[in-house]
Every structure is written in structure tokens, then in C-alpha cells.
Amino acid sequence: MDVIEALRMSWRSITDHKLRSALTTLGVIIGVAAVIAFVTLGASLQADIVQTLAGDTTDVMYVSAESQTEGEIGVLPSRGQAVFTDRDVDRIRRIDGVENAVPVGGFATAGVAHGDDTVGRQFVTVTTPGYFGVNDQTIVAGRTFRSGQREVVVNQQAARMFRGNVSVGDEITFTRAGSGEELNATVVGIAKSPDRSGRVQSLVGDDRPAIYAPADPYYERTVIAPSTRSEQRVYAQVLVRVDDVERIEAVQGRVYSYLTQRSDARVLKAQGNQFEVLTHEQIVDQIERISATFTAYITGVAVISLVVGAIGIANIILVSVTERTREIGVMKAIGARRRDIIQLFLLEAILLGLLGSAIGSVVGLASGALATAVIGLPLEVRPIWFVVAVVVGLLVGIASGLYPAWSAARTDPIEALRHE
Amino acid sequence: MGDGTPSEDARAEAVVSLTGVYKVYELGQPVPVLDDLSLTLAEGSYTAIMGPSGSGKSTLLNLIGCLDAPTAGIVEIDGRDVTTLSEDERATVRGEKIGFVFQTFNLLPRLSSLENVALPLVFRGVAREERRDRAAELLERVGLEDRMDHRPTELSGGQRQRVAVARALVNRPTIVLADEPTGSLDSETSGQILDLLDRVHAAGNTVLLVTHERTVAERAERIVHVLDGTVESVEELGGRRTASANDRWT
């Protein structure tokens, strides 16, 4: 039978029951919309990460000692165990291919005061003067701090944090959390955050107010270094910059073997912890993996709603077959073969599936666009999703229509003609 | 012909022929419905079948209409043995050679008159233009040229049955099977439909009418009385003879 004619008949059967058809397709609409929305969101997140991190500061590595929990990001600030001694940092700096290495540690304050304005609960990053060079942070005003001096650098966000902005030469006072010890410092420089934007910056902490202080004299966390048997400062992270990006993997290997074979950290670290030496690229990979896992998980949930939608279509086509038993009998009497009947009902199911996936795609794209706009991500849309959505609609239609259509086709015309 | 047993001469012009047909339904135990029934319908003839309910006349109609196959015996349509055909093959024979008119019209509710009439041609793969032309022509013949785009619910009972008659003729059938075609109509409309069937017959079509009303049956050339699954008697009414096959109405 003529497909156009079959389409017209199936379409008419759908439009004659508008409410029923709408409710039937709702399951598929929700399923497809959810998949498209979450995939859009996931892809936009990944695109943001790739845009902001890839190709940017790829010559930096982050060294830390992590407890091995699957899927966690090792570079987030103040995570990991403080195990890297001054000697370790010094030795890493001298590894072939390393341009510079700086320790990164920190302590919490109960509050930071500037003039008569106090801001509570700030974290002070302690490091060495080389930090800003390694981390690609420009000092926009003043200069970097000197070791052994009561000097600090704040970033622009921290400078704006106080009423009356902080400028170079101002005095600030911070209160060490726990001991309540008051520490004075002169602000000698204002640093700009690295030129990274978007979500990753907040993941790494770059867009938050930050105060950088020299380890000497502000950092009090020390251990007896196993190698020298002397008291040394100990840090949770080491930031390493390589002199040649091309050789970053080799350097990574050398840093790792130093850590595992000769470092203080190898003795100091807890049994279950492992060294992480991560390049930017690997961090991007990690974040991408996490967001892909997340997307897959949500998509899985959405697929369940697609299955429910397919069952809904199957159900309504079965009802439709029962309702139209007599019509099926008539069509058979006037010459319809099994395949004509199958075609009619299968087309009806496929039309419902396609309709659902088409509407679902639009709804999903709109939700995804809205969500990315709210979060502030670049919208990432790939046309292939819509091709997939149409194919899914087709498959849902076929899967849900096959049995009802088959059962319609095997209707006995004599019985069907007697059916009221 | 006339005694229900096909002779060599009758077979030549027979369009439908049943020879020694049995039909047994298995309803827990075998229930014989048709018992050694033989019947021949000549081309261009107009036959009425009468019989009490349970006599087997519906089953007989189903066999001639290729909706069912006999348990034993031979059913031939246009000289072709349709006894052993598969379900789809029977559907094809129905589409090509049979025109059904039902008591309850049995039009498809979502299709217009024109689409209903054209539907058998859809299943035969006739091109759209040709389907429409042919359906429109037949609707004109039954006097419904101004109701072509109406759906069945927008038509009266008599109009619906006229659409159904047009649909039965659209495939230029070998035989038109009318099963109680006036059973759902008032007497005046019934008369109109029977007049229409007369015209269909006069134009050269072979018509088989099943009814339990004597007055309706008397429109035919002969009445076949069926009882207990076999032909009890054949009553020749004489009178009208068919026109030649050359000026078939359709």
C-alpha cells in the first residue's frame, strides 16, 4: 500500500485523538528532552573546561599526596596531606627540565582587617616569591613579597573585598585561626588572577579572593625532615614549571621517581596516600571524565523515561487496535493484507515516536540553553544529537508499535466484522 | 444451472462455483455448518439467499467472499480454486474480485466518502489520481457527488449505504456480495438501496444478496433457500435478465 496514503491515515488517527496522542508522546518528549538537556549541559561544561584550560599554562604541574579516592581532583586547594619539605621543593627545582618549583601551603584565619574593616574566615596561601612566575600571575601593582619580611601580596578580588580598596603600602592584620595570634603585614603587591575564566577557575580557586604570604615568617607547620634530621616547613602541594612543554612528560616521570625514591615526602606520607603529579592536560582529562560520568548517569535516568514513553505508546496503540477491530475487519474484507495493516499501525507508532522526539529535542535544547545561560557556560550544540534523537524516536516507535501492529494484522476478518 | 449442481455448460459461464463444500467449526466438538453444499452463480446473475439463522448462509457468504476457507470441497471464483489460498492471497482475491456491502455499512469513520470508496484501490496499489477519478465517478453514479468530502457521521443511513455500494464496485468486482444491505434502513431508504442494486445488476454485475426478508429477496432472479447447511431449494423468479457484459455499469 501507498506509504503516503498510509501516512495520511495514520496521521488522521493521531490528530483525531489529540489529547490522547499528546499524553502518549509526553513520555518520549520528557525522555528526549532530558537527554538532550543534560547532554547539552555536559558538553557545554566540557567545552568550557577545554577552552579555559587546554593550551593554557600547559607547562605547569601540580604535585600532591592524595588519598586514593576514585575520580577526585587532586589540585583543589588545601587538599592532600602536607608532606613536601623545603628540601623536597629544593630538590625538585634542581631536577633536569624543571624551570622552577614553589611550595604551596596555607593556613586559615579567623579574620583579616584592613583599616577599620574586617573580613572573616579567609585562607592565606603561603609560598615563596617565585610563585607568581610559576603560576602565571602578573603583579599589576607593586612587587612580589620577599622571604623573611612581613609582606603580603593580595589578588584583585581580595583588594576589592574591603570597603576602601586595598592599595600597595597598606597595612593589614590577620588573626590566625586556632591560636588567635595577630599578625601584621604590609601589602607590597596586587596580583592579577591567571587569564583563565569560567568554571575551572573557581574549581582551582583562581577567582576567589586570595592573600599570598611568604612561608618565612608566616608558615608554622613543620616536621623533622627524615633526610636531614632538622626541622623543616612542610607543604601540601608543590607547583612545578617546566622549561619545555614538549618534555613535560619526561619531567613528570623524573619528579615522580624522585618523590617515590628519595624524597622526605615518601617517608612522611600516610600509608594509603599516593603521589599525584598532574599536568594541566591531565586535570582537564580528569574533569572531563567526571563530567562525562555525570552526564552518562543522568542520561541513563533519562533513558528510563524513554523506555516508559515507549511503553506508553505501545499501550495506546494496543488500545487503538482494540478500538478499531471492526475497521481492521473492514479493511481486510476489502483487500488489505497483513502487511498493509502492520504498516498502518506501525506508522502510527512511529509518528508518535518521531513527534515526541522532535518536540523533546526542541524542549531539551531550550532547557539546555537556559541552564547554560544561568550557569554562565558557553552553549555547545552538536547537530548529531538531533539526528540521534530522530533515530531514537524512530526506534521507540518501531519497538512500541511492532507488537500491536502484528496483533492487529492477525485479526480474523470474520470475527472483526462481528466486533461491536 | 438452477439445481445448484454445476453442469459442464454452466461451469463455462459460472463466476462462482461451490462443489461439495463442507464447513465444520471446532467448538469443543465438531459443529457442521455447511454439509455438502454445491452452488453456481452465473455471470451477470442476481441471486438471493434466504434461510433461518443457523442455516449456514453467513458461512456460505464468507466462503464466497473469500473471508474463510471450507473444511472440504472446492470454491472457485472466476474459475480459480481459492480453497487452499493463504490468508494474504485470499485478501488479494477479495481486493480484486469481491465487492462487499454490509448491513451496518462499515465505512471507515475517519475517511471521507471519496476516501472510503477509493480505499480498496489503495490496497491494490492503484495510483492516487486514478483512485480519486474512479471513486468520484462512482459517487456520482450513486448520486452523492455533493457528499464526497463528508465523513460517514455526516451522512444519513441511506447515503452511507450508497457510499458502501460505490466502494463495493470500485474494483470492478467479479461479484457483489450484499449481506442484509437493508437491515439497518427504514423501508423507504431500503427501497432506494434495492433500486440501486437493481441498477448495479442491470449494468451487468453479478450480485449475491443475503436476506431473511422475502420482499427483498424477490428483487433477485432466483432465490436459493438454505437449510441445515445445504441448498434446500432454488426458486426461479424469471423476469429480468442481465444486460450483456459489454455495457457493465461499472
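Author: A residue is called buried when it has under 20% relative accessible area, exposed when it has over 50%, and partly exposed in between, with a 1.4 Å probe and protein chains only. Helices (H or I, at least four residues) and strands (E, at least two) are DSSP runs, numbered from the N terminus. The model is predicted, so local features need pLDDT of at least 70 and side-chain atom pairs count only at pLDDT 80 or more, while totals for chains, interfaces and linings use all residues. Residues are numbered from 1 along each chain as its sequence is written, chains are lettered from A and ligands numbered from 1 in the order in which they are written, and side-chain values use heavy atoms, leaving out hydrogens and water.

The part to look at is helix α6 of chain B, residues 157-169. Ten of the 13 residues in α6(B) are buried, so that the helix is mostly covered; among them are B:Gly158, B:Gln161, B:Val163, B:Arg167 and B:Leu169.

The cover, judged by contact (heavy atoms within 4.5 Å), includes α11 (325-333) of chain A, and from chain B it includes β6 (98-101), α4 (113-123), α5 (128-141), β7 (175-179) and α7 (187-202).

Turning to chain B elsewhere, B:Ile64 is in contact with B:Ile98, B:Ile175 and B:Leu177, among others, once neighbours within four places in sequence are set aside. As for chain A, its domain assignment, automatic or from a database, gives domain 1 (3-51 + 287-418) and domain 2 (82-268), whose centres, taken over C-alpha atoms, are separated by 55 Å.

Notes:
The expected span of a helix is 1.5 Å times one less than its number of residues.
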